[in-house]
Amino acid sequence: MATPARKKVLLMGKSGSGKTSMRSVIFSNYTARDTRRLGATIDVEQSAVRFLGGLVLNLWDCGGQNAFVDNYLSSQKDTIFSNVAVLIYVFDITSTEWEGDLRYFEDILFALRENSPEAGVWVLINKMDLVDKEDPKRKKFEERKNDLLNVDNDVRKTLKDEGKGDNIREVLRCFPTSIWDESLYKAWSSIIHTLIPNISLITSHLTYLRDLCLAVEAVLFEADTFLVIAKSGSPLDCDPSDLDQVEIENGAKELDQQRFEKISEIVKGFKKTCSRNHEQYHGFEAKFDECTIILEPLTRNTYIMIISVDPRAETGALLYNVHQSSSHMAEFAAKHTLEDHKCGICRQNRELKYAVQGDDDDSIPAWDDPRP
Ligand SMILES: Nc1nc2c(ncn2[C@@H]2O[C@H](COP(=O)(O)OP(=O)(O)OP(=O)(O)O)[C@@H](O)[C@H]2O)c(=O)[nH]1
Ligand SMILES: [Mg+2]
């Protein structure tokens, strides 16, 4: 039986910052309102989320009360901080104890960088909805982000001086979030995107499919969470200067940068309404004067959205292309080397390895199964 790629994800931050709320909205179909019922997390709550065939996230939701954190940093240090793929650290923007919060964060960062130097670090400054009215330009967020980057630099420098900091990956990334809007999806999509094996290959296939359909955008969503996994053209979080030709010609720079996350939030909400009414959400097609859109299951665990502005585009033709590509899209990342694949994109990328850290099992499953 093939072993999936397991990634340990630590979810940490002071009590009440919103860790369990986020987890519940993204992975357990809670609404933001439902999270008001959540109690404080006792010690560590572990859960495994199967996320596309080849990737399983082991989420460690670490209760943030001081007594628990003190244990994480002492008796449980090795258990908590070893083999971590990603640390997601959540702050409450309304906290009145910022200096203290920073000190805790610094201690956690030291423990992480020492035990899992290659782990990615994502900081989510949460509850932005509570301050956005009084601080629309988000000055407070920027100040806090700078403080965090300084802490990260200090930690690196100290570890380097001690001869320990050689493998530390890129600097931490910081997102403003609220469980009440699409910013939560934006942050989590960016995190998950970096964890998916062969994401560049998925992106190049999406781009190929977009061009084949004479479309302007093709976007991949995970079926349960509706997080954006990848999009055609340029990388998910790229600078406007890295957009590809089709995106530039179609004015992607001027479009709402949160457009896909908004769709995630809307469709997720719609799916919930459907299931409350004992209906199942299957897909969506729309033809307007200026564009045609489909949002269809692509593989067992993904949906694809294709947007075309070509007046000749028929939804039936777009659907046909999606159905035809489904099984190959599901299969291509199954192997360590893509040499024997007939697909031109796979052949071009034949050196590309199925990059699963510490896992050299040849029988790793494909990144997803074909459509049922
Ligand atoms: N306004 C607002 N409230 C939020 C947000 N995120 C979480 N909350 C609320 O914050 C409270 C605490 O959230 P939890 O998710 O339980 O906090 P936690 O970080 O898991 O806390 P511990 O388990 O004690 O570590 C809940 O009442 C949530 O509804 C947010 O983005 N905005
Ligand atoms: Mg909790």
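How many bridges join strand β1 to strand β4, and do these strands run parallel or antiparallel? The legends below, which describe a predicted model, take up this pair and then its surroundings.

**View 1. The pairing of strands β1 and β4.** Strand β1, made up of residues 5-12, is joined by five bridges to strand β4, which spans residues 84-92, and the two strands run parallel. Within this pair, L11 stands opposite I88 of β4.

**View 2. The open sheet of six strands.** The strands are arranged in the order β2-β3-β1-β4-β5-β6, and their pairing is mixed. At the edges lie β2 (44-50) and β6 (173-176), each of which pairs on one side only. Neighbouring strands of the sheet are turned against each other by 20° on average, with direction ignored.

**View 3. Helix α4 on the sheet.** Helix α4 packs on the sheet, where it touches β1 and β4, and the direction of α4 makes about 180° with that of β4.

**View 4. Helices α4 and α5.** The axes of helix α4 (residues 98-115) and helix α5 (residues 139-161) come within 10 Å and cross at roughly 40°, and the two helices are therefore oblique to each other. The crossing in which α4 passes α5 is right-handed.

**View 5. The residues where α4 meets α5.** On the side of α4, the residues in contact are L102, F105, E106, L109, F110, R113 and E114, while α5 contributes D147, V151, D152, V155 and L159. Sorted by class, this contact of α4 with α5 holds seven nonpolar and five charged residues, and no polar ones.

Terms used. Residues are numbered from 1 along each chain as its sequence is written. Chains are lettered from A and ligands numbered from 1 in the order in which they are written. This is a predicted model: local features need pLDDT of at least 70, side-chain atom pairs count only at pLDDT 80 or more; totals for chains, interfaces and linings use all residues. Axes are lines fitted to C-alpha atoms, for helices over the stretch in contact, and angles run from 0 to 180 degrees between N-to-C directions. Helices (H or I, at least four residues) and strands (E, at least two) are DSSP runs, numbered from the N terminus. Angles under 35 degrees count as roughly parallel, over 145 as roughly antiparallel, 65 to 115 as roughly perpendicular and the rest as oblique. A crossing is left-handed if the near helix is turned anticlockwise from the far one by less than a right angle, and right-handed if clockwise. Two residues are in contact if their C-beta atoms, placed from the backbone, lie within 7 Å. Ala, Val, Leu, Ile, Met, Phe, Trp, Tyr, Cys and Pro count as nonpolar, Asp, Glu, Lys and Arg as charged, and the others, Gly among them, as polar. Two strands pair if DSSP finds at least two bridges between them.
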